[in-house]
Amino acid sequence: MRTVCVYCGSGFGTDPVFEAAARALGRHLAEAGIALVYGGGNVGLMGTVARAVLDHGGHVTGIIPDFLKSRERMLDDVQETVVVSDMHTRKKLMFDRSDAFVAMPGGIGTLEELVEQMTWSQLGQHAKPILLLSVADFWAPFLGLLDHMRRTGFIREGLDLSYLVAEDPEQVVPMLRAAIRRSEPRPEAEALIDEKF
């Protein structure tokens with residue numbers, strides 16, 4: 001695992017523990033020699049996790065669409081900034097550059113990015129680990145919704161979602177590394193998807 005993509009808010013949220021967790025996650029990534037791929041902004045939790053990686057000697061790649069350059073104020077200190085034309089290109093490049101994904105607290109954009117990776121994984125398009133960092137139980141309502149989807153038959157047996165949940169930033173790197181070690185190609189995935197859909 002060389003790179004991890006972190007999805008998180010461009011704001012700080014109402015609980016100071018969110019910002020503290022972003023700083024801790026950035027430090028753990030840098031100390032583990034894992035580069036950060038993120039949305040390129042200098043604001044909120046996005047800027048916090050990127051600055052923490054940089055402060056501890058790590059490598060950061062920011063990927064940002066042209067129209068957000070002024071709104072999210074790019075972090076100029078990162079080693080690599082990629083400016084793209086639109087959000088679709090941004091998300092695809094973030095996927096291509098990353099070995100795993102972490103979703104921290106955030107808003108609708110964070111949720112959308114997380115759900116897209118979960119969907120691609122469910123459809124057999126990738127097997128990269130996806131981890132929800134549920135600081136202060138942030139992701140508990142979303143996890144409850146997933147349970148509701150299972151109970152009502154919309155997440156069907158054999159097409160369940162693959163994701164990890166951590167409550168502490170210290171758990172993230174070990175959990176992702178263990179997941180990558182466990183992951184193997186799934187040649188039966190395509191046939192199963194065709195059968196279930």
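## A charge over a ring

K128 lies 3.9 Å from the ring centre of F95, over the face of that ring. A charge counts as over a ring if NZ of Lys or CZ of Arg is within 6 Å of the ring centre and within 35 degrees of the ring normal.

## Basis of the model

The model is predicted: local features need pLDDT of at least 70, side-chain atom pairs count only at pLDDT 80 or more, and totals for chains, interfaces and linings use all residues. Residues are numbered from 1 along each chain as its sequence is written, and side-chain values use heavy atoms, with hydrogens and water left out.

## Aromatic pairs

There are six aromatic pairs in the structure. Rings of Phe, Tyr and Trp (its six-membered ring) pair if their centres lie within 6.5 Å; planes under 30 degrees apart count as stacked, over 60 as edge-to-face and the rest as tilted. Y7 and F101 make a stacked pair, with 6.1 Å centre to centre and 5 degrees between the planes. This pair links distant parts of the chain, since Y7 is in strand β1 and F101 in strand β5, 94 residues apart. Helices (H or I, at least four residues) and strands (E, at least two) are DSSP runs, numbered from the N terminus.

Both Y7 and F101 are buried, where buried means under 20% relative accessible area, exposed over 50% and partly exposed in between (1.4 Å probe, protein chains only). W139 and F142 form an edge-to-face pair at 5.7 Å centre to centre, with 70 degrees between the planes. W139 is buried at a relative accessible area of 4%, and F142 is buried at 12%. Ring pairs also join Y7, F95, F101 and W120 into a cluster.

## T3 in strand β1

T3 belongs to strand β1 and is buried, with a relative accessible area of 16%. A polar atom of the T3 side chain lies 2.7 Å from the backbone oxygen of R97. Leaving out residues up to four places away in sequence, T3 touches I34, A35, V37, R97, S98, D99 and A100; contact means heavy atoms within 4.5 Å.

## Helix α1

Helix α1 covers residues 16-31, and its 16 residues should span 22 Å at 1.5 Å a residue; the end C-alpha atoms are 23 Å apart, which agrees. The expected span is 1.5 Å times one less than the number of residues.

Buried residues of α1 include F18, L25, H28 and L29. The buried residues of this helix pack against β1 (3-7), β2 (35-38), α2 (44-55), β5 (101-103), β6 (130-133) and α6 (172-182). After α1 comes G33, with a positive phi near 75 degrees.

How values were computed
A polar contact is a pair of N or O atoms within 3.5 Å; within protein, one must be able to donate a hydrogen and the other to accept it, and residues adjacent in sequence count only if both atoms are side-chain atoms.
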